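I opened this notebook to keep track of what I looked up in one model. The entries follow the order in which I went through it.

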Amino acid sequence: MSEVAKGDDFGPLPKALPLLPVRDMVVFPFMVVPLLVNRPVSRAAVEAAQAGDRYLFLSAQKDAGLDDPTPRDLHTVGTVGKLLRARAQPDGQWKILVQGLRRARIKRVLEEKPCLVVRPEELVDNVSTSVGPGQIEGLVRAVKDGLRRLDEVGKALPQDVMTVLLGLDEPGALADLVAANLGLKVTEAQTVLAAASDFERMNQVNEILARELEVVAWQQKIQSQAKEEMSRTQREYFLREQLKQIRHELGDFDDKHEEIEDLRRRLAAAELPAEAQKEADKQLRRLEGMNAESAESGVVRTYLDWMADLPWSNQSEDRIDLAKAQAILDADHFGLDQVKDRILEYLGVLKLKGDHKGPILCFVGPPGVGKTSLGRSIARAVGREFVRLSLGGVHDESEVRGHRRTYVGAMPGRIIGGLKQAGTRNPVFMLDELDKLGRDVRGDPAAALLEVLDPEQNSTFRDHYLNLPFDLSRVMWVATANVVDTIPPPLRDRMELIHLPGYDIREKVEIARRYLIPKQKRECGLEEDQLNFSVSAIEAMVDRYTREAGLRGLDRQLAAVARKVARRFAEGRKRAVRIRANDLERFLGPRRHDPERPDDADRVGLATGLAWTEAGGTILHVEATLMPGRPGLTLTGQLGTVMKESAQAALSCARSRGKDFGVDDGSLRDHEIHVHVPHGAIPKDGPSAGITMAAAIISLLTGLPLRRDLAMTGEITLRGRVLPVGGLRQKLLAAARAGIRAVIVPSANEPDLSEVPAALRNELEIHLVRDLDEVVRLALVGYPARAREPGVGTQKSPQVGLA
């Protein structure tokens, strides 16, 4: 119960006051209340008040759980108060005493750090012109009468407070003091504080008093009824009867019979299959014969609750409109034309056939390319619920099949849990991060998923907890993965893999303009015209601050810029902000990545290759140098087994066909070849670098430089044949991003060029090759001119060694 201040000798309101956010209570005028202060923003407000005239603006938080509230998280109407005392506690908190003085509202936020500073506007207690003096007097008497009655029924206020309240005749002050001492909830107290007129505040306080009297009357009635039925010698019996009467008056009277009947009604409404209904009836009969306090009855009740909550018969009605589905996919995702076509084909077959016994779609691609959001778009397109199950790190079969009820704390598996969450038996169910499944001695979750995803078996899926067949055949399953290699082969066999390649810089710019920038403006509270990005700024952001196939890094950088711009507007800026490329370092700091660029000259022994990682394509420099020493091949750059074998095969091919390329094999008898791939801290492996290493070695041995504006990818055999590779689209994107003009790719990859955007194909000069002869003819400058004498290349031609 708060104390009552004696008076207000406060003059005009200051133009700026530090704001102290208050949790779980509203401070009224005339109140003197102690507060504990432990948050940095609150301490800063108290320190600002101590440094000034000790006045504060006290405002209640809308959400008491927030530790760092913003102006939007606070009520605009509060109380101007005075800091009477502040004392540090042993635990680091401060205990302060504040006195409420006048009601006021926040007119403007002047500062936000280190504490909120606001300009207050006083709320004057105006008497409504439509209310006569008699009505005001009547309300004052009614409130005082309610206080006396509340005192009579046993809910007494402190005597000194009652004396002050009964002696007050000013409506506004009386309303504030009554509301301050009734222990109201924050929402109720704030409503009283923010009321426009003293009559309205008095009216609200009178209604609260009437409700409080009614509650106290019911409480006394409940106690009276309980006392009539109790034994004077049994205190425990009295407490149980009192609890029963409370529940009866609340309309929540419940005993064991009521609970069982409720379960029976819920199970009947769930429309269980025959086998499940038989098991439910059996468990209900068991529950009826059990002691309600026994542990086993709790297990049975939980089991029946699960059975009643599962969607045995409830399902969504498909609304498959292919034109609408196309519009939804286009609205949610830019590009990905082939992926969208496959999804629409899938939905078209579903519309005609009506079942799901077709292939399960698995979206494969690097992080941030839109795999999960495609699943949400499919759910929107067909009008179904969407459920996502993350399989990353799942290594226990029970996570999928559930635990048997013999174990303490047993629960159903995450498949059944997802269906309960969806509320229908035919949601779009996404198995996310399928490639990150684990396994250990507790079982193999991949093996459990085989039954889930097999259309011939999943109509009778048995969860260990339920131990009943549940029909999963109507669920639309989709999956996602970053890489294919780690997906268990039996699972991979049941899926159709749809690859989502990374986005090129043009697509990223368009996605940023259409989706990411508007989203960040909304999240930072910016108006549409307050922040704009030039195309060159977005391109520079992609090139200098992100290196990824997807969009998450770009989204984070845009968010960083938007936050800094939002701060400027919060500090008072009025003019719109336009971000250009040369502004990025001011907002994001120094560039994080140097642009991938080829060398500045054609050099001997320096070849440019193309690689593919989970983050997308990249260019790869391969350096080779020749030096006197024991014959052999040295490989550095943290190369994997496959790349080492490719380098050895490239050297063997070059030596075996040395006469064709103008290389004297005898010169290698007293020389050592060193092949290095820079960025040695990054592990590298894969079959794509075979022709790149062969070209670097042949260039070294012939003394002919390699074209700096040409990159290549392809595996090589000992006979010089060029074999196909994967990730062609990503590699071509990397080549275009690095300023490469010509690319050598295996002729066997020609069908893959159809997946490359036409604009990218037109930008690059793409050469299709079948063997090493064609590679050498295209890559070496001056070939097929005769090479110099063996070893001369190391003396007279520029070459690249180890830095």
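I took contact to mean heavy atoms within 4.5 Å. With that, among contacts between residues at least 6 apart in sequence, 74% join residues at least 24 apart.

Notes on the source. The model is predicted, so I kept local features to pLDDT of at least 70 and side-chain atom pairs to pLDDT 80 or more, while totals for chains, interfaces and linings use all residues. Residues are numbered from 1 along each chain as its sequence is written, and side-chain values use heavy atoms, with hydrogens and water left out.

Whole chain. I looked up the secondary structure and found 28 helices and 25 strands; these are DSSP runs numbered from the N terminus, helices being H or I of at least four residues and strands E of at least two. Of the 803 residues, 49% count as buried. Buried means under 20% relative accessible area, exposed over 50%, and partly exposed in between, with a 1.4 Å probe and protein chains only. I noted an accessible surface of about 39600 Å², 48% of it belonging to carbon and sulfur atoms (Shrake-Rupley method, 1.4 Å probe; for residues, only the protein chains shown count as cover).

Aromatic rings. How many aromatic pairs does a search of the whole structure find? It finds 3. One has the rings of Phe429 and Trp477, with centres 5.0 Å apart and planes at 35 degrees, so this pair is tilted. Phe429 is in strand β10 (residues 428–432) and Trp477 in strand β13 (residues 476–481), so the pair links parts of the chain 48 residues apart. For the terms, rings of Phe, Tyr and Trp (its six-membered ring) pair if their centres lie within 6.5 Å; planes under 30 degrees apart are stacked, over 60 edge-to-face, and the rest tilted. Phe429 and Trp477 are both buried.

Charges over rings. I counted a charge as over a ring if NZ of Lys or CZ of Arg is within 6 Å of the ring centre and within 35 degrees of the ring normal. The charged end of Arg405 sits over the ring of Tyr303, 3.9 Å from its centre. Lys420 lies over the face of Trp306, 4.1 Å from the ring centre.

Thr424. I found Thr424 in the loop between α15 (414–422) and β10. Is Thr424 buried or exposed? Its relative accessibility is 7%, so Thr424 counts as buried. Leaving aside neighbours within four places in sequence, its contacts are Pro311, Asn314, Gln315, Ser316, Glu385 and Leu419.

Arg301. This residue lies in helix α10 (residues 295–309) and is partly exposed, at 22% relative accessible area. Its C-alpha atom is 9.4 Å from that of Glu259, 42 residues away along the chain.

Backbone. I checked the peptide bond from Lys113 to Pro114: it is cis, with omega near 0 degrees. Pro114 lies in the loop between β6 (94–111) and β7 (117–122). Arg54 has a positive phi, near 70 degrees, though not a glycine. Arg54 is in the loop between α1 (40–51) and β4 (55–60), and is partly exposed at 27%. Glu433 also has a positive phi, near 55 degrees. The place of Glu433 is the loop between β10 and α16 (445–453), and Glu433 counts as partly exposed at 27% relative accessibility.
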